[in-house]
Amino acid sequence: MLYLGCHLSASGGNLEMVRTAQSIGANTFAFFTRNPRGSQARKEDPVDCEKAVAALREAEFGKLVAHGAYTMNLCTAEPGARAFATNVLCDDLRRMASLPGNYYNFHPGSHVGQGTDTGIAQICDALKKALEPNYPVTVLLETMAGKGSEIGGKFEELKAIMDGVGSDRIGVCLDTCHVHDAGYDIVNDLDGVLAEFDRVIGLNRLCALHINDSKNPYASHKDRHELIGEGSLGLEAFRKVVNHPVLKKLPMILETPNELTGYAKEIAILRQMEE
Ligand code: FE
Ligand code: FE
Ligand code: ZN
């Protein structure tokens with residue numbers, strides 16, 4: 001059985017997300033740990049967390065894939081803003097300890113003209129600090145489209161971050177829209193792209209997938225998500241993904257431009273494609 005889910009609103013708490021996921025045929029989900037475009041975090045509710053953990057176990061969910069705020073840029077140029085972003089990361093990982101054993105995915109960051117090497121070094125500093133307390137969470141670096149000064153559009157950049165931090169609690173979340181836009185041809189050569197991933201990073205570090213079609217052509221470096229089957233990846237690309245022996249075991253999160261009913265439909269389509 002595939003682990004499929006989508007982004008859910010966290011406003012009603014963790015248990016409510018589990019129930020919502022079940023109502024749309026999902027058995028994993030993603031949520032923002034705080035306001036995705038700000039930095040405000042919700043009030044912590046240990047009782048709700050305990051209930052959610054029990055419900056997740058009961059329903060045999062796959063690992064959840066929380067998402068850090070888009071505004072959290074660990075390699076922004078201004079030191080004060082960078083320290084703030086690092087504190088947000090530290091606090092997010094601490095909060096994830098109340099949903100132990102799950103994933104926390106985030107965008108590595110944009111170096112805003114400082115250069116890739118400087119950006120990577122700054123991301124490593126932040127991650128080392130945030131991983132220090134050893135909370136029971138694995139951090140996932142998201143593959144990016146390589147828009148502007150974004151870090152993570154190349155597998156080599158993610159590998160450099162992982163090497164720089166040197167922790168086994170860092171993995172990768174592969175976003176199908178992003179890698180396609182970045183110039184990895186998963187439509188015509190999924191196996192070739194995964195072989196490249198294995199050569200550069202190692203497939204054992206691939207932990208989760210973001211399942212999105214793309215509004216833009218291959219290698220456009222754009223990053224705009226489209227509904228499954230309605231963009232430049234097409235339905236057949238996703239058939240290969242959900243039937244791939246390595247990928248089919250991973251939590252797959254939809255981030256398509258959708259409401260709950262649309263997500264339910266996409267989850268059903270993907271489940272039907274499993275052979
Ligand atoms: Fe993302
Ligand atoms: Fe994504
Ligand atoms: Zn995206």
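User: How many cavities of 30 Å³ or more does the structure hold?
Analyst: One. This is a predicted model: local features need pLDDT of at least 70, side-chain atom pairs count only at pLDDT 80 or more, and totals for chains, interfaces and linings use all residues. A cavity here is a set of points, on a 1 Å grid over the protein atoms alone, where a 1.4 Å probe fits but cannot get out.

User: What volume does the largest cavity have?
Analyst: About 40 Å³, taken as the space filled by probe spheres set on the points.

User: Which residues line it?
Analyst: L174, T176, I186, L190, L194, L209, V241 and L247. Lining residues have an atom within 4 Å of a point. Seven are nonpolar, one is polar and none is charged.

User: Switching to metal. What are the protein donors of the iron ion (ligand 2)?
Analyst: E142 (OE), D175 (OD), H210 (ND1) and E255 (OE), at 2.0 to 2.2 Å. Donors are N, O and S atoms within 2.8 Å of the metal (3.2 Å for Na, K and Ca). Side-chain values use heavy atoms, without hydrogens and water.

User: Are D175 and H210 buried or exposed?
Analyst: D175 is buried, at 0% relative accessible area. H210 is buried too, at 1%. Buried means under 20%, exposed over 50% (1.4 Å probe, protein chains only).

Conventions: Residues numbered from 1 in each chain as written. Chains lettered and ligands numbered in written order. 1 Å grid on protein atoms, 1.4 Å probe; cavity = no way out; pocket = protein on both sides within 12 Å on 5 of 7 lines; lining within 4 Å. Nonpolar A, V, L, I, M, F, W, Y, C, P; charged D, E, K, R; others polar.
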